[in-house]
Amino acid sequence: MSLKSKSEAYSNPFGIPQSWRWGSFGEALSKYNYFTYLENSLIYTLGTIVITLTTGSMLAYCLSRMQWKFNTSVLFYVSMGLIVPIEVVVIPLFQLIKLLHLKNSYLGLILPYSGFAIASCVLMLYAFLRSLPKELEEAACIDGTNVYQAFFKIIFPIIMPALVTQCVLIFIRIWNEFPLAFIVASRDQFRPLTVGLLSFFVNVGVSDWGLIGATMFLSSLPMIIVYMVGNEKIENALTAGAILK
């Protein structure tokens, strides 16, 4: 669609373009505030990944490798996060963000995104860590390492494949998130690609499908690249989960 002219987009919407028209991409970059929205989406996505993987991996380690009083209760509480979608709590969450003066700021989206992503991260790493032998920490303890050194020097490199899988899954989820970003990031300078795409469609209308197709392709391109790079990790993780079951 992005390589067709206006008339061909209507007369031949599903066929191969008769003449390849690359001008839609240049026109999209000139009219669509692409690089600002791209930068914002990268900040939201990478910020969420860093916070989620750092806190989630340490919490999963505590739950799976240490015995303490509220271990089971905390794991149950964290797992409850899987059944609460963003759309259900968007109104009280918006009021909380407004109360904390985080509306129209990067933290206003990064912190809620991290809160919703940490449940799946902890549960996946919890299952991965429980499959590791406890002799790893015992050998590290004999060598004189404390619990933090054992986690970062011994355990962290071992769980790197699971972390990469979570990284790809979080990237795809946050990159496509729309409802909360639409409410919290109302200023143009803080909008991610999903919200910016809607504003562009409202301004342009549906008269030029070649231009719309070009903006959609440009917005989806980073996510497609990340998935192509990390799809093997996701398939391996899903296959491993099926075997464990």
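Read along the sequence, the predicted model follows the pattern α-α-α-α-α-α-α-α-α-α-α-α. The C-alpha trace spans about 70 × 45 × 30 Å along its principal axes. Of the contacts between residues at least 6 apart in sequence, 73% join residues at least 24 apart.

The accessible surface of the protein amounts to about 13900 Å². Carbon and sulfur atoms account for 69% of this area. Of the 245 residues, 40% count as buried. The charged side chains comprise 16 positive and 13 negative ones, and the centres of the two sets are 7 Å apart.

The largest nonpolar core contains 54 residues. Within this core, L109, Y113 and L180 touch the most other members. Helix α6 (residues 107-130) supplies the largest share of the core, with 11 residues. When residues up to four places away in sequence are not counted, L109 touches Y44, L180, A181, V184 and A185. In soluble globular proteins, nonpolar side chains tend to be buried together.

A search of the whole structure for aromatic pairs returned 13. In one of them, the ring centres of F171 and W175 are 5.1 Å apart and the planes meet at 10°, so the pair is stacked. F171 and W175 both belong to helix α9 (residues 160-175), where a spacing of 4 residues separates them by about one helical turn. Both residues are buried.

F178 and F182 form a stacked pair as well, with 5.3 Å from centre to centre and 25° between the planes. Here the two residues are partly exposed: the relative accessible area is 29% for F178 and 44% for F182. Each value lies between the 20% limit for buried residues and the 50% limit for exposed ones. Elsewhere in the model, ring pairs link Y32, Y34, F35, Y37 and F200 into a cluster.

Helix α9 also contains P161. With a relative accessible area of 38%, P161 is partly exposed, whereas F171 and W175 of this helix are buried. The C-alpha atom of P161 is separated by 10.0 Å from that of F128, and the two residues are 33 apart along the chain.

H101 is placed in the loop between α5 (90-99) and α6. The other is N104, which has a phi of about 60° although it is not a glycine. N104 is found in the loop between α5 and α6. The two residues fall into opposite classes of accessibility. H101 is exposed, with a relative accessible area of 71%, while N104 is buried at 10%. The value for H101 is over the 50% limit, and that for N104 is under the 20% limit.

G23 is located in helix α2 (residues 23-31) and is partly exposed, with a relative accessible area of 44%. Between G23 and L211 the C-alpha separation is 8.8 Å, for a distance of 188 residues in sequence. W209 is found in helix α12 (residues 209-244). Its relative accessible area is 32%, and W209 is accordingly classed as partly exposed. W209 and F25 are 184 residues apart in sequence, and their C-alpha atoms are 12 Å apart in space. With residues up to four places away in sequence left out, the contacts of W209 are M1, A9 and Y10.

Conventions
Residues are numbered from 1 along each chain as its sequence is written. This is a predicted model: local features need pLDDT of at least 70, side-chain atom pairs count only at pLDDT 80 or more; totals for chains, interfaces and linings use all residues. Side-chain values use heavy atoms; hydrogens and water are left out. Rings of Phe, Tyr and Trp (its six-membered ring) pair if their centres lie within 6.5 Å; planes under 30 degrees apart count as stacked, over 60 as edge-to-face and the rest as tilted. Helices (H or I, at least four residues) and strands (E, at least two) are DSSP runs, numbered from the N terminus. Buried means under 20% relative accessible area, exposed over 50%, partly exposed in between (1.4 Å probe, protein chains only). Contact means heavy atoms within 4.5 Å. Accessible areas come from the Shrake-Rupley method with a 1.4 Å probe; for residues, only the protein chains shown count as cover. Lys and Arg count as positive and Asp and Glu as negative; His and the chain ends are not counted. The place of a charge is taken as NZ of Lys, CZ of Arg, CG of Asp or CD of Glu. A nonpolar core is a set of buried Ala, Val, Leu, Ile, Met, Phe, Trp, Tyr and Cys residues joined through side-chain atoms within 4.5 Å.
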